[in-house]
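Trainee: Could you walk me through reading contacts and burial in a model like this one?
Mentor: Gladly; let us look at it together.

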Amino acid sequence: TDRLAGRTALVTGSSRGMGRAAAIRLAEEGALVAVHYTSDGAAAEEVVASVEKDGGRAFAIRAELGVPGDVESLFGALEADLLERTGSTDLHILVNNAGVMGGVGPADITPDQFDRIFAVNAKAPFFLIQRALRNMPDGGRIINISSGLTRFANPDEIAYAMSKGALEQLALHYAKALGPRGITINSVAPGITRNGNPVFDIPEAVEQMASLSAFNRVGEPEDVADVVAFLATDEARWITGSFVDATGGTLLG
Ligand code: NDP
């Protein structure tokens, strides 16, 4: 369908994983999508090629998040591309998807590692939203990718869960402020979702992770991308400030 025809979207961290799937879904709905990445330009170009093969429109932009000047560098590239392709710098949809896991338990994590997690997962989305609101017309959409770990205990990922908890605050408070503009903002919380991590190649590990879901499987990037795409449409106009559980029932206990 073309529920997003005439809209523009930015999906951070969309060279792979859920971001990639979300970029492809938004483009299928007719949006012109900015595929943002940091390190893997070839993967981002592959996403663009995949979108174009199916008749959609996308372009890749590079910017490292979580470092000084990150937002201006991203928006510099974004605005130039939008202007060239649409004649305007309007951005209708922002998906804050880029994120980093800890990988270091709370006993060993250093202040620098902690700061890095917060810089990418919480601070960058905050300032991306601040900047994006200058370009966002009434009726815009902001979708932040959180994690089921804000409600499911995993002692090894405390710092990561804290950063996602901070990210979730954006939806609560901004929803109230942006309502008058018809802009919605929501958090989507995936459970364990297949990405490039080698753990997904180990059948016993996948079986164990699958058992956490009510459906006895791990999430696929498309399971989450479909939720993101729905929230971006007009049909989701009455949902704002929400925590959307996209964990496949992992939080049911
Ligand atoms: P991946 O780890 O597969 O991909 C991460 C993406 O983010 C890549 O495109 C990467 O770009 C980009 N990225 C990472 N760090 C930065 C940075 N500092 N600056 C800019 N871009 C960056 O992602 P997933 O699909 O696994 O996860 C997507 C989101 O979902 C994340 O926010 C994650 O925390 C969350 N999540 C994931 C779960 C899972 O089980 N997979 C569960 C719950 C939440 P590049 O490769 O070009 O460097």
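**Reading the model**

Mentor: Arg-85 counts as partly exposed, at 33% relative accessibility. Buried means under 20% relative accessible area, exposed over 50%, and partly exposed in between, with a 1.4 Å probe and protein chains only. This is a predicted model, in which local features need pLDDT of at least 70, side-chain atom pairs count only at pLDDT 80 or more, and totals for chains, interfaces and linings use all residues. Residues are numbered from 1 along each chain as its sequence is written, and side-chain values use heavy atoms, with hydrogens and water left out.

Trainee: With which residue does Arg-85 form a salt bridge?

Mentor: A salt bridge is a side-chain nitrogen of Lys or Arg within 4 Å of a carboxyl oxygen of Asp or Glu. Here the partner of Arg-85 is Asp-81, with the closest N and O atoms 2.4 Å apart. Both lie in helix α3 (residues 70–86), four residues apart, about one turn of the helix. Helices (H or I, at least four residues) and strands (E, at least two) are DSSP runs, numbered from the N terminus. Asp-81 is buried, at 17% relative accessible area.

Trainee: How many salt bridges are there in the whole structure?

Mentor: A search finds 15. One of them pairs Asp-234 with Arg-7, at 3.2 Å between the closest N and O atoms. That pair links distant parts of the chain, 227 residues apart: Asp-234 is in the loop between α7 (221–232) and β7 (243–246), and Arg-7 is in the segment before β1 (8–11).

Trainee: Is Glu-29 buried or exposed?

Mentor: Glu-29 is buried, with a relative accessible area of 2%. Its side chain meets that of Arg-25 in a salt bridge (3.2 Å, N to O), and Arg-25 is buried too, at 16%. Both belong to a network of salt bridges that also links Arg-3, Glu-28, Asp-226 and Glu-235. Glu-29 also has a side-chain polar contact of 2.5 Å with Thr-1. A polar contact is a pair of N or O atoms within 3.5 Å; within protein, one must be able to donate a hydrogen and the other to accept it, and residues adjacent in sequence count only if both atoms are side-chain atoms.

Trainee: Which polar atoms lie by the ligand's oxygen and nitrogen atoms?

Mentor: A polar side-chain atom of Ser-39 lies 2.6 Å from a ligand oxygen, and one of Thr-38 lies 2.7 Å from a ligand nitrogen. Asn-97 uses a polar backbone atom, 2.7 Å from an oxygen atom of the ligand.
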